[in-house]
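Q: Please take a close look at one part of this protein. I would like to see how it sits among its surroundings.

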Amino acid sequence: MARTRRSTRRTAARTKASSSIGSSSDEEWLTLDEVCTKLKVSRRTWDRWQERGQAPRSIRLPGNGPYRIRPEWLQEWLDNQEQA
């Protein structure tokens, strides 16, 4: 009986973790295309900012994957641009 409880707890924990990751990942991360569209800049402009170290904070997914940006990172970057 104790074994059943453990497996139920583990399953519940996994389900909770995977559902929170799955549902929030779409809302929490922006693609590079989305960011460029929001900022009304071209991909080339983004690439120049990236080369100069002036782009918003971002991560690159493993395996030379696409860039992802959290909305709060973008907002922080925009706030810093206003102050400069």
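A: Start with one term: two residues are in contact when they have heavy atoms within 4.5 Å of each other. Keep in mind too that this is a predicted model.

The part to look at is helix H2, residues 32–39. The protein has four helices and three strands. Along the sequence they follow the pattern α-β-α-α-β-β-α. Of the 84 residues, 20% count as buried. Take the contacts between residues with a separation of 6 or more: 44% of them join residues 24 or more positions apart.

Now zoom in on H2. Which residues of H2 are buried? They are Leu 32, Val 35, Cys 36 and Leu 39. Viewed down the axis of H2, these buried residues fall within an arc of 95°, so they line one face of the helix. An α-helix has 3.6 residues a turn, so residues three or four places apart point the same way.

Turn to the face of H2 that points away from its buried side. There you find the exposed residues Asp 33, Thr 37 and Lys 38.

What covers the buried residues of H2? The cover includes strand S1 (30–31), helix H3, strand S3 and helix H4.

Take H4 next. H4 spans residues 71–83, and its axis comes within 12 Å of the axis of H2. The two axes cross at roughly 35°. That crossing is right-handed. On the H2 side, the residues that meet H4 are Val 35, Lys 38 and Leu 39. On the H4 side, they are Leu 74, Trp 77 and Leu 78. By class, this contact has five nonpolar residues, no polar ones and one charged one.

Look again at Leu 74. Leave aside its neighbours within four places in sequence. Leu 74 is then in contact with Val 35, Lys 38 and Leu 39, and also with Leu 30, Pro 56 and Ile 69.

Now step into the largest nonpolar core. This core has 13 residues. Those that touch the most other members are Leu 32, Val 35, Leu 39, Trp 46, Trp 49, Ile 69 and Leu 74. H2, H3 (43–52), S3 (67–69) and H4 each supply at least two residues of this core. H2 gives the most, with four residues.

Just after H2 comes Lys 40, with a positive phi of about 55°. Lys 40 is a residue other than glycine. It sits in the loop between H2 and H3. Is Lys 40 buried or exposed? Its relative accessibility is 76%, so Lys 40 counts as exposed. After H3 comes Gly 53, whose phi is also positive, near 75°.

Another positive phi belongs to Asn 64, near 60°. Asn 64 lies in the loop between strand S2 (59–60) and S3. Because its relative accessibility is 64%, Asn 64 counts as exposed.

Conventions
Residues are numbered from 1 along each chain as its sequence is written. This is a predicted model: local features need pLDDT of at least 70, side-chain atom pairs count only at pLDDT 80 or more; totals for chains, interfaces and linings use all residues. Side-chain values use heavy atoms; hydrogens and water are left out. Axes are lines fitted to C-alpha atoms, for helices over the stretch in contact, and angles run from 0 to 180 degrees between N-to-C directions. A crossing is left-handed if the near helix is turned anticlockwise from the far one by less than a right angle, and right-handed if clockwise. Ala, Val, Leu, Ile, Met, Phe, Trp, Tyr, Cys and Pro count as nonpolar, Asp, Glu, Lys and Arg as charged, and the others, Gly among them, as polar. A nonpolar core is a set of buried Ala, Val, Leu, Ile, Met, Phe, Trp, Tyr and Cys residues joined through side-chain atoms within 4.5 Å. Buried means under 20% relative accessible area, exposed over 50%, partly exposed in between (1.4 Å probe, protein chains only). The arc is that of the directions from the helix axis to the C-beta atoms.
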